[in-house]
Amino acid sequence: MQEVVEPEGLRARKKRARLEAFVDATHRLAGEHGLENVTVEAICAEVGVSVRTFFNYFDAKDDAVLGLAHWRLDTAASEEFATGGPTGDLLPDMQVLVGAVLDNPPLGKERMARGFEVAKAHPDLLLRAYTHVQGLHDEVESLVRRRLGPDRDDAAVLMVGALLILLSHAAFHRWDATGGEGDVRAQLPSVVGELQALLGARPGPA
């Protein structure tokens, strides 16, 4: 019998559908029983797959709450930032890049909101999310080096890369502290404004 090979696009759609099913099942079970009482086995039973399949997608149950394994920088916004845009001023351009990432979570805003609702009762999940963002260090460093140019020293690249990650973390922290309402991205202007004030920089236009 000839093996049927699925097109790449179909495989990708199936993979995403299963990924979303894992996240949705985790949220549903956590809402019904509390996350601490949910097991990977229960999640897999809900989805109808093996435990081994779950670990093809996530390293741990907690990662399925926020879909952590699939956060990436926005490709179009990253390229624009790396090539000097959109304004040519570094801090405003960093805000645009971080905003693009926050505004386009890979599993959609509704799932992200549900995930952070679960995470509110489990502060360790937010720490895990921050740790995961730090895991994008190499990708961020490469992007910043392109923006600053090959002659800029490592310390400058490190500072800008760390600030990009810090802006994301601070926006999430402020969003959570204000009750988790609305978009995380909406917290960015106040975070950047406070940073400018702390550094003694003159605020830019609204």
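Predicted model: local features only at pLDDT ≥ 70, side-chain atom pairs only at ≥ 80, totals over all residues.
## Ser 78

Ser 78 sits in helix α5, residues 75-82 (helices are DSSP runs of H or I, at least four residues, and strands are E runs of at least two, numbered from the N terminus). Leaving out residues up to four places away in sequence, Ser 78 touches Leu 73, Leu 97 and Leu 143, contact being heavy atoms within 4.5 Å.

Numbering runs from 1 along each chain as its sequence is written, and side-chain values use heavy atoms, with hydrogens and water left out.

## Leu 143

Over in helix α9 (residues 137-148) we find Leu 143, which is buried because its relative accessibility is 7%. Its contacts, again skipping residues up to four places away in sequence, are Leu 73, Ser 78, Phe 81, Ala 82 and Leu 97. The C-alpha atoms of Leu 143 and Glu 79 are 8.1 Å apart, though 64 residues separate the two along the chain.

## The nonpolar cores

The largest nonpolar core has 37 residues, and Leu 164 and Val 184 are among those with the most contacts inside it. A core here is a set of buried Ala, Val, Leu, Ile, Met, Phe, Trp, Tyr and Cys residues joined through side-chain atoms within 4.5 Å. Helix α10 gives the most to this core, 8 residues.

Note on methods:
Buried < 20%, exposed > 50% of the residue type's maximum accessible area, 1.4 Å probe, protein only.
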